[in-house]
Amino acid sequence: MQLTENQVLAIKRKRGELNMSIRGLERATGVSRWTLIDIFKHDHRNVNSKTFKKLNDWLINEYELSTRVHPTTRKEA
């Protein structure tokens, strides 16, 4: 499966927001640090389906957690 540039950028941004090391991201996602390094530094975008799912699941979970903790306020016009 192919990770898009937007997916990789989202993972990098969330990792930065959480001030997370590669090791921390490895523990949080279950994806090896060597695979993460390949994705981030070597533009390795072809990953197996398990890696793809782990990274997407982590992003979705983090997004859900951040919206619960910091709900946005919307003003109706």
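This is a predicted model: local features need pLDDT of at least 70, side-chain atom pairs count only at pLDDT 80 or more; totals for chains, interfaces and linings use all residues.
**View 1. Arginine 45 and glutamate 5 form a salt bridge.** Their closest N and O atoms are 3.1 Å apart; a salt bridge here is a side-chain nitrogen of Lys or Arg within 4 Å of a carboxyl oxygen of Asp or Glu. The pair links distant parts of the chain, 40 residues apart: glutamate 5 belongs to helix α1 (residues 5-17), and arginine 45 to the loop between α3 (33-41) and α4 (49-69). Helices are DSSP runs of H or I with at least four residues, numbered from the N terminus. Arginine 45 is buried, at 7% relative accessible area, while glutamate 5 is exposed, at 52%. Buried means under 20% relative accessible area and exposed over 50%, with a 1.4 Å probe and protein chains only.

**View 2. Arginine 45 also meets aspartate 43 in a salt bridge.** The N to O distance is 3.2 Å. Aspartate 43 counts as exposed, with 53% relative accessibility. Salt bridges link Glu5, Asp43 and Arg45 in a network.

View 3. Lysine 14 is buried, at 13% relative accessible area, whereas glutamate 17 is exposed, at 59%.

**Notes to the views.** The whole structure has four salt bridges. Residues are numbered from 1 along each chain as its sequence is written, and side-chain values use heavy atoms, without hydrogens and water. Local features need pLDDT of at least 70 and side-chain atom pairs count only at pLDDT 80 or more, while totals for chains, interfaces and linings use all residues.

How values were computed. Helices (H or I, at least four residues) and strands (E, at least two) are DSSP runs, numbered from the N terminus.
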